[in-house]
Amino acid sequence: MKVMPLSPELISPQGAQSLEKPPGSRQEFENLLGKMMNDVNQLQHDSDQKVSGSLLGQEEMHTAMLSLEKANLGFKLLLQVRNKMVEAYQELARMQI
Amino acid sequence: MSWGVLTDGAMRLLEKTLDWRVQNQQVIAGNIANLDTPQYTRKEMDFENILQSYTRGNLQTVSITKTDPGHLGGANPGAGLVEETGDEVDLDQEVVRMSKNQLAYNASVQMLIKKLDIIRAAIEGGTK
Amino acid sequence: MSMFKSMDLSASGLTAQRQRLDVIAENLANINTTRTAQGGPYKRKSVIMEARPAEDFDSFLGSPEKVEVVQITEDSKGLVPDYDPGHPDANKDGTVLYPNVNPVSEMVHLMLASRAYEANVAVLRTGKTMAQKALEIGR
């Protein structure tokens, strides 16, 4: 079986608008967080759909499993972001003025 | 959704490959089921072609064909990838094809799992 | 399309080959039957298989097809006459007609059907393995 060589345009993350640029103002950061929560919500919905689809025989097994894992990872990421934020806040609160 | 590495080129290719490999399993299943059917000719999916077309961006996955004008399209988006060969079904050849297909599928799943592991490690910071 | 569809295709193959097997068994069992319910000797039966689209609306190019036994035919030619006037089924000329079942060719068909049956089982097994592999995605 011939192994297909990967061309550069294939692995470069074209969809990687990930975290655009570090937010400068509080407003941007809030939006970012809101967007992340929406995205995670979207992932969860998508995975629910795919899972029930696979039970009905309309979706493939791997599609459903993958969507579950993506939703899972998305959620974990959000959780970590939240934890860091709480930590940062606590750090601030401890500062002596 | 802009989760970067979850939607990048390699990930998308892996996902598509899984779909195609499953479809190929069906094609092979159909060939083997019709091993003794008179006048049946085997069908196949040419993966070199498919992957090349995909990377070049001109993959044809047409669902509508000329068989039935009243036919509702969209029922099977991958139909354009399956080719009619006009050859008889050779059981040994078909079984080998099936093995290769399974290996390719397993390999793709494995690679996918590895990619996900990397992402997970990045998120959890290696605490798990 | 789902993985389970390939299993349906294999299932149709299993059914068709099993029917073929049944017919072969019937042929061999009746190899000397000179008198049947319809009168006359047993006539060799064979199955006619046809490829069918897997689901009603899937009748387009590229869709895998399942197999179906559409007919079991009888072959009236080649009945073997034997001169035996004392036999209760002898006709007025004293010949008895024996079935046109050739045991050697039936055995060959038996092996082919058996091989085809096993091949379909292998397809089922492979499909199952692939699905199980997919389950590993979630760890």
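Setting aside neighbours within four places in sequence, Met45(B) is in contact with Trp20(B), Gln23(B), Asn24(B), Val27(B), Ile50(B), Leu81(B), Val82(B) and Glu83(B), where contact means that two C-beta atoms, placed from the backbone, lie within 7 Å. The model is predicted, so local features need pLDDT of at least 70 and side-chain atom pairs count only at pLDDT 80 or more, while totals for chains, interfaces and linings use all residues. Residues are numbered from 1 along each chain as its sequence is written, with chains lettered from A and ligands numbered from 1 in the order in which they are written.

A residue is buried if 20 or more other C-beta atoms lie within 10 Å of its own, exposed if 12 or fewer, and partly exposed in between, with C-beta atoms placed from the backbone.

Turning to the chain as a whole, chain B holds three helices and two strands, in the order α-β-α-β-α from the N terminus. These elements are DSSP runs numbered from the N terminus, helices being H or I of at least four residues and strands E of at least two. Of the 128 residues in chain B, 34% are buried. Among contacts in chain B with a separation of 6 or more, 67% join residues 24 or more positions apart.

Helix α3 (residues 91-124) of chain B deserves a description of its own. With 34 residues, α3(B) reaches 49 Å from its first C-alpha to its last, close to the 50 Å expected at 1.5 Å a residue; the expected span is 1.5 Å times one less than the number of residues. Buried positions in α3(B) include Glu94(B), Arg97(B), Tyr105(B), Leu112(B) and Ile119(B). The buried residues of α3(B) pack against α3 (61-94) of chain A, α1 of chain B and α2 of chain C. Just after α3(B), Gly125(B) takes a positive phi of about 65°.

The axes of α3(B) and α2(C) come within 10 Å and cross at roughly 5°. Axes are lines fitted to C-alpha atoms, for helices over the stretch in contact, and angles run from 0 to 180 degrees between N-to-C directions. The two helices α3(B) and α2(C) are therefore roughly parallel to each other, a label for angles under 35 degrees. Among the residues that meet are Leu91(B), Met98(B) and Val109(B) in α3(B), and Ala119(C), Val123(C) and Met130(C) in α2(C). The residues of this contact divide into ten nonpolar, four polar and one charged; Ala, Val, Leu, Ile, Met, Phe, Trp, Tyr, Cys and Pro count as nonpolar, Asp, Glu, Lys and Arg as charged, and the others, Gly among them, as polar.

Chain A has three helices and zero strands, and 21% of its 97 residues count as buried.

How values were computed. Angles under 35 degrees count as roughly parallel, over 145 as roughly antiparallel, 65 to 115 as roughly perpendicular and the rest as oblique.
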